[in-house]
Amino acid sequence: MGKRYFCDYCDRSFQDNLHNRKKHLNGVQHLRAKRAWYDLFRDAAAILQEEQTKKPCRKFLQTGQCDFGSNCRFSHMTEQDLEKLSAQVQGEQRSKELQQEGADVPPGTIEDWLEKRAKRLSAAQSNSALPEKPAPFQYPPGWPPVQEL
């Protein structure tokens, strides 16, 4: 059957040879899938900047759907979405500034989580029907067997 090449971006496989691989990697479907994958990891500030430069998509605003989908050159974000995104960007910028200034750790840190976990575990142990200290391990009678000489 021969070797097969599997493309993670497109979720498909084909016979692996130079011609097929080149044809696939330069194909529109692959390039779109690859761009969509990397768009998932873009910074919120970059997304906000790009969306603010685009005009709103009329069809999307009227019907809630667009035939072009993610390939549309117009923005599919509402004013509320843009406000949420800008608030997220401002929050990220504030946290970066706090880290650079060396400010105290904000609430909701790992220490808080550890405290809550310790309280939860102690409450679970006090409510448990099991004894607090497990019985020490004992070998069954006659074990280890005594070797006779």
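How much space lies in the largest pocket? I found about 460 Å³ there. I looked up the term: on a 1 Å grid over the protein atoms alone, a pocket is an open set of points where a 1.4 Å probe fits, with protein on both sides within 12 Å along at least five of seven lines, and lining residues have an atom within 4 Å of a point. The volume is the space filled by probe spheres set on the points, which are joined across faces, edges and corners.

A note on the source: this is a predicted model, where local features need pLDDT of at least 70 and side-chain atom pairs count only at pLDDT 80 or more, while totals for chains, interfaces and linings use all residues. Residues are numbered from 1 along each chain as its sequence is written, and side-chain values use heavy atoms, with hydrogens and water left out.

Next I checked the lining. I counted 17 residues around the largest pocket, with Asp39, Glu50, Glu51, Lys54 and Ser70 nearest its centre. Helix H2 and helix H3 (44-53) each give two or more residues to this lining. H2 supplies the largest share, four residues. Helices here are DSSP runs (H or I, at least four residues), numbered from the N terminus.

Then I turned to Ser70. I found Ser70 in the loop between helix H4 (58-63) and helix H5 (79-101). Is Ser70 buried or exposed? Ser70 is exposed, because its relative accessible area is 65% (exposed means over 50%, buried under 20%, partly exposed in between, with a 1.4 Å probe and protein chains only). I also saw that the C-alpha atoms of Ser70 and Ala36 are separated by 8.0 Å, though the two residues are 34 apart along the chain.
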